[in-house]
Structures are given as C-alpha cells and as structure tokens.
Amino acid sequence: MANNLLWLLVAFLLLAAAAALLWRLSFRRSRRRLGELRRAIESLGAGEFRPPVADHFRGEWAGVAGSLADAAAQIATNSARLSNERDFSSAVLASMSEGVAVVDDRERILFANSAFAEAVGAVEECRGRTLLEVVRHTSLIEAVQGALLHAEMVRAEVEFGTVRPRTFALTAAPIAPPEASAPRGAVLVLHDVTEIRRLERVRRDFVANVSHELRTPLTTIQGFAETLLGGALDDPKSRGKFLKIIRDHAARLGRITDDLLKLSAIEGGSMTFRVEPVSLPKLIEHCIEAVSLRAKAHGLEIACDSPHALPLVRGDSLRLEEVLKNLLENAIQYTPAPGRIRVSTARDGDYAVLCVEDTGIGIPSTDQQRIFERFYRVDVARSREAGGTGLGLAIAKHIVEAHQGRLWVESELGKGSRFFVALPVWPAESVPASPEPGPEAGEAILSKTLKNEGAIPTGSAPRTEPASTTRPPTA
C-alpha cells in the first residue's frame, strides 16, 4: 500500500513537472510572439512597419498576426495616399500666382506660399509667426478678424508697396467644420488686380479724354454756326473768318476720328502690314524733306547722320514713315527757336536703332512713362494749338511693336529729348545673338556727340558681341 502511494506521488510529481515545463515553454513562446507583435506595432507607429514572421505563429496567434499585417498594409496605403495628396496640394499652392495663407484661431500663420510672402513683403519665414508680425496692414488684419469673429467670408481690397504699389483683391474665408462651434482658422487669398485697376483707369481716362477732345471742336463749331445764323452771315469779313474756324475744327474732328480708327485697327489686329526690306537712310531722307519747310518756318535746323552701311530693316515702309514723321513733328512742335533736330542711326546686333534728338523743352521724368498713352499730353495748350490729337505717339508705339521693335524715350527737362526706335534687320543680314542686349543701343548713337561740336552724332560700329535675335534692345 505504501509502495503504491509512493508511486502515485512520484507520478504526480512527474506530471506536475512536465506540466510546469510545458507551461514554461508555452509562456516563453507566447512572450516571444507578444514581443514580435509589440515590435511590429511600434514600427507601425514609427511609420516603418516590419511585419512579424508568419512561421512563428500558430492558431489564434497566426490570425492576430495576419490581421495586424492587413491593418498595417491598409494604413500604409492610406498614409501614402494622404502623403501624395499633401505633396500635390503643397505643390499646387506653391505654384499659384495668387498669394495663399492659412491662419489658426489665434491668427498664427500655419501655411503661406511664396506668392503671399512676396505680396506682403515678408523677408523671413512666415510659418509659425502671428499675422501681425508679418503684415502691418489694417484692412487685411480686420478682414481676417472679421472672418474669425463672424464665421463668414470677408472680401476687401488692399494695397502693398510705396514705390510701385500693387493692388490685391483679398478674400478671407473661415475654416469651420460642421461640428465646431467657432472657426478654427481662416484661409487668405490675395489676387493681384493691379493691371486690372490700371486698365480700368486707362479706360476711364480714355472715355473722359475722348469726350473732352470731341467736345472742344464741336462746341466751337456750334458756337460759330449759331453766330453766323444770328446775323454774322451777312458780314463778309466775319463770315469768312468764322467759316475758316469751323472748317479747321471739323478737320480736327476728322483727324481725331481717323487716328482713333487707326489705333483701333492696330490694337484689334486688323491693320495689315506690307513687310519688305526698308532702307533707313532713304526713309529718313524722305521724312526730313517732308518736314523741312515746317522746321525752317520755326527757326530750327534739322539734319541727319545715317551710315550707308546700315543694314536694311524688316518692316512696312509707309507705317515706319508715319512713325518717323510723328517723331519729327513732335520735335519741331516742342523745340523753341533757334534749335536743332538730329536724326541718327546705329546697329545693335540684329536691330537697327534710330534716334530723333532735339534741343527742346524736354519731358519731366514723371511723364516719360505716360506720353505713349492715348490723349496724354505734357503741354496741353501747345499740342492743341498745333492741331495735335494726342494719339500720335500711341499709334507710333503700336506700329513699332507690331514690327517686333521697341520705342522709348530719354529726356531731361529743359535740355531736350531723344526718342529711340529699335527695328529688326532684314533676316538675310542677321548676326549671331547675345543673351542680353541693353541700353547700349541708344548710347551707341550718342557716343560721338561731343567729338565734333555741331555735327550730328554718328552711329557707332556694330558691337563685337552678338545681339539678341528675339527681342529689341531694352531702354
């Protein structure tokens, strides 16, 4: 009996030891599997998922590992998709010409593209700073505060810069999720409308100027016609004088109408140009002959210095003649006697540059950028007295640009003006191109002015470096 109990006890102890051993081995395997699962979850949180080894799992453990791998794959797919969408959105916002910024409910900038930083003149990184630190503009700050306070879109117009101010249409829209009680931030969009406002101003000025230009001769014609009908028709002396005034103002109306139609045709692209090789020396000679009597009557000396070796230019001779005559007539009109007018030429690579220089009253620097606008006059009284329409330089500029050329002016008040016309030479006589042609085109013409007092400045020899074949020299 005692032996049986002893054997039972030994058997029980052996079974217990075996069970403990099996439990320990199972615990170690489970611990190892849990460790692998923990490391896999940690790597998933770090964004670098390393799936557990499938061979290490059996039964329910294999199901858990498989579910974790499937979830990780789905998370990785969604993360990659979100990352691509984020990169795409960032690229789109960064490449937009409109300035875009996002601020939180404390007006701290969360995002700002380069266009926004450029618009507001920010020299440092905008992100992380408050809007007030970056932008010192009351209207913009108030628009953002209004969008955050009232949870509604706010529109305004703001202007940045002092030397060359730029106008922007501002839109501030709140970021308010449906479940939120208040906006969490706002999106700002700045759209540059500087050119639109400029064109609107030009349109208003044009309408006002056209009305004024037409009203003056019409009022004069109406007044003298009424005077004639009131009894002056019976006075031969007054009748002839009044009829001459009516005729002159009617002719001025005709010139204004013709110039407006011509300008409209050029701007609308309906004016045709007969392109052919044009000799600038012959063109200059012909134009000087046409205005020489008028120049002499004003006590002015007019002369030309154009080298015969100058290449032919590409253009319509009649249209180019119109441009040069306009420049010469303006020089005669604004040069008091005794004065001089000089016409000279030079070559600048693939462009021939013509210069009309006078010793006239000059043009203020503030007006030099506007004299090519329609109806703009520096001296209104003098221009109208000479019968000008105020459209000549605008037409000349459009004609030159239609020839792929450039027209610009250099002037100093009280010392005269120099108008330059750069025209492309005939292709057969082109030369290789340089990357950046510059104002040396105009300087070449004037380089010999002081060498021979009283002589017309001659054009310099062609530059040794090549000039641009795609655009004219810049002023």
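Predicted model: local features only at pLDDT ≥ 70, side-chain atom pairs only at ≥ 80, totals over all residues.
A residue counts as buried when its relative accessible area is under 20%.

**The whole chain**

Begin with the entire chain on display. Of its 475 residues, 37% count as buried. The chain contains 12 helices and 12 strands. Among contacts between residues at least 6 apart in sequence, 64% join residues at least 24 apart.

Next, colour the chain by pLDDT. The mean is 78, and 77% of the residues reach 70 or more. Confidence is highest in strand S12 (residues 416–424), with a mean of 93, and lowest in helix H12 (residues 440–446), with a mean of 48. Select residues 429–439, where the pLDDT is below 50; this stretch has 32 contacts in the model beyond near neighbours in sequence. Then select residues 441–471, where the pLDDT is again below 50 and the corresponding number of contacts is 75.

**Helix H6**

Select residues 194–229, which form helix H6. This helix has 36 residues and reaches 52 Å from its first C-alpha to its last, close to the 52 Å expected at 1.5 Å a residue. Which residues of H6 are buried? They are Val-210, Glu-213, Pro-217, Thr-220, Ile-221 and Leu-228. After H6 comes Gly-231, whose phi is positive, near 135°.

**Helix H9**

Move to residues 317–333, helix H9. Its 17 residues should span 24 Å at 1.5 Å a residue, and its end C-alpha atoms are 24 Å apart, so the two values agree. Show the side chain of Asp-316, which caps the N-terminal end of H9: one of its side-chain oxygens lies 3.0 Å from the backbone nitrogen of Leu-318. Buried residues of H9 include Leu-320, Leu-324, Leu-327, Leu-328 and Ala-331. In an α-helix there are 3.6 residues a turn, so residues three or four places apart point the same way.

**The nonpolar cores**

In soluble globular proteins, nonpolar side chains tend to be buried together. Select Leu-280, Leu-327, Leu-328, Ile-341, Val-356, Phe-419 and Val-421; of the 46 residues in the largest nonpolar core, these touch the most other members. Now centre the view on Phe-419. Leaving aside neighbours within four places in sequence, Phe-419 is in contact with Leu-327, Leu-354, Cys-355, Val-356, Ile-363, Ile-371, Phe-372, Leu-393, Trp-408 and Val-409. A second, separate core has 27 residues, among them Ala-101, Phe-116, Leu-170 and Ala-172.

**An aromatic pair**

The structure holds four aromatic pairs. One of them is formed by Trp-408 and Phe-420, with 5.3 Å from centre to centre and 20° between the planes. Why is this pair described as stacked? The planes are 20° apart, and pairs count as stacked because their planes are under 30 degrees apart. Trp-408 belongs to strand S11 (residues 406–412) and Phe-420 to strand S12, so the pair links distant parts of the chain, 12 residues apart.

Are these two residues buried or exposed? Trp-408 has a relative accessible area of 4% and is therefore buried. Phe-420, at 0% relative accessibility, also counts as buried.

Finally, select Ile-361, in the loop between strand S10 (351–358) and helix H10 (380–385). Ile-361 has 28% relative accessibility, so this residue counts as partly exposed.

Technical notes. Residues numbered from 1 in each chain as written. Heavy atoms only, no water. pLDDT = per-residue confidence, 0-100. Helix = DSSP H or I, 4+ residues; strand = E, 2+ residues; numbered from the N terminus. Contact = heavy atoms within 4.5 Å. Expected span 1.5 Å × (residues − 1). Buried < 20%, exposed > 50% of the residue type's maximum accessible area, 1.4 Å probe, protein only. Polar contact = N/O pair within 3.5 Å; in protein donor to acceptor, adjacent residues only side chain to side chain. Core = buried A, V, L, I, M, F, W, Y, C linked by side-chain atoms within 4.5 Å. Phe/Tyr/Trp six-rings, centres within 6.5 Å; stacked < 30°, edge-to-face > 60°.
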